[in-house]
Amino acid sequence: MKISTETSPLHSAPRTQASSTSGAGPSSFSSALAAATSQTPSARPADFTSMTRQEMTDWMNEQIRTGKMSLDGGAPFMGMTMKISVETGQPVDMATDTTRINFIEKARLGIEGARSLNHQKLAERLQRAMDRMHRSQGQAIGGDVRS
């Protein structure tokens with residue numbers, strides 16, 4: 001095997017490095033992330049009594065992304081956003097589903113159902129989710145369903 005020291009036209013073009021001037025944009029992941037999060041619209045209080053499943057999912061993802069809620073804390077909300085078609089047995093696409101849902105009432109009914117099945121841990125998770133919705137919505141919690 002013979003190794004040539006000649007330059008190939010494919011590799012003879014000079015390499016240039018991207019400019020890092022201030023007008024060129026973010027130069028690191030952290031600055032890109034900061035720029036992206038600063039462009040997020042200001043959060044207004046969510047109305048959990050009239051939301052689509054997509055709006056609930058967006059709210060939940062925002063809570064997780066900003067560190068206000070853990071993934072485990074989001075599990076009850078994920079469960080509340082699931083919808084299966086009776087006709088097909090398949091999940092209903094939330095992007096096209098415009099049905100407005102009272103998620104506070106849905107959580108309350110879930111707590112009742114969990115208690116009737118003697119599933120205390122599920123009832124507690126749903127209670128924490130409902131408490132979070134009340135806090136986030138800025139309402140005083142009207143009644144304690146734990147009694």
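Me: Helices are DSSP runs of H or I with at least four residues, numbered from the N terminus. In which helix does T57 lie?

Reply: In this predicted model, T57 lies in helix α2.

Me: What makes T57 buried or exposed?

Reply: Buried means under 20% relative accessible area. The value for T57 is 13%, so T57 is buried. Leaving aside neighbours within four places in sequence, T57 is in contact with T81 and M94.

Me: How many helices and strands does the protein chain have, and what share of its residues count as buried?

Reply: The protein chain has five helices and zero strands, and from the N terminus on its elements run α-α-α-α-α. Of its 147 residues, 22% count as buried. Among contacts with a separation of 6 or more, 59% join residues 24 or more positions apart.

Me: How do you know whether A95 is buried or exposed?

Reply: Exposed means over 50% relative accessible area. A95 has 59% relative accessibility and therefore counts as exposed. A95 lies in the loop between α3 and α4. Its C-alpha is 9.5 Å from that of E55, although A95 and E55 are 40 residues apart in sequence.

Me: Which residues of α2 and α3 meet, and of what class are they?

Reply: M56, W59, M60 and I64 in α2 meet L71, G74, F77 and M78 in α3. By class, this contact has seven nonpolar, one polar and no charged residues.

Me: What angle and what distance describe the packing of α4 and α5?

Reply: α4 and α5 pack at an angle of about 160°, with their axes 8 Å apart. Because the cut-off for roughly antiparallel is over 145 degrees, α4 is roughly antiparallel to α5. The crossing of α4 past α5 is left-handed.

Me: Which residues take part in the contact of α4 with α5?

Reply: From α4 they are F103, I104, A107, R108, G110, I111, A114 and R115, which meet Q120, L122, A123, L126, Q127, M130, M133, H134 and Q137 in α5. By class, the contact has ten nonpolar, five polar and two charged residues. Arg counts as charged, so R108 and R115 belong to the charged class.

Me: How does the reach of α5 stand against what is expected?

Reply: Helix α5 covers residues 120-137 and has 18 residues. From its first C-alpha to its last it reaches 25 Å, close to the 26 Å expected at 1.5 Å a residue.

Me: Which helices do the buried residues of α5 pack against?

Reply: They pack against α2 (53-65), α3 (71-80) and α4 (103-116). Among these buried residues are A123, L126, M130 and H134. An α-helix has 3.6 residues a turn, so residues three or four places apart point the same way.

Me: What makes the phi of N118 worth noting?

Reply: Most residues other than glycine have a negative phi. N118 is not a glycine, yet its phi is positive, about 60°. N118 lies in the loop between α4 and α5. At 68% relative accessibility, over the 50% cut-off, N118 counts as exposed.

Me: Which residue follows α5, and what is its phi?

Reply: α5 is followed by G138, with a positive phi near 80°.

Terms used
Residues are numbered from 1 along each chain as its sequence is written. This is a predicted model: local features need pLDDT of at least 70, side-chain atom pairs count only at pLDDT 80 or more; totals for chains, interfaces and linings use all residues. Side-chain values use heavy atoms; hydrogens and water are left out. Helices (H or I, at least four residues) and strands (E, at least two) are DSSP runs, numbered from the N terminus. The expected span of a helix is 1.5 Å times one less than its number of residues. Buried means under 20% relative accessible area, exposed over 50%, partly exposed in between (1.4 Å probe, protein chains only). Contact means heavy atoms within 4.5 Å. Axes are lines fitted to C-alpha atoms, for helices over the stretch in contact, and angles run from 0 to 180 degrees between N-to-C directions. Angles under 35 degrees count as roughly parallel, over 145 as roughly antiparallel, 65 to 115 as roughly perpendicular and the rest as oblique. A crossing is left-handed if the near helix is turned anticlockwise from the far one by less than a right angle, and right-handed if clockwise.
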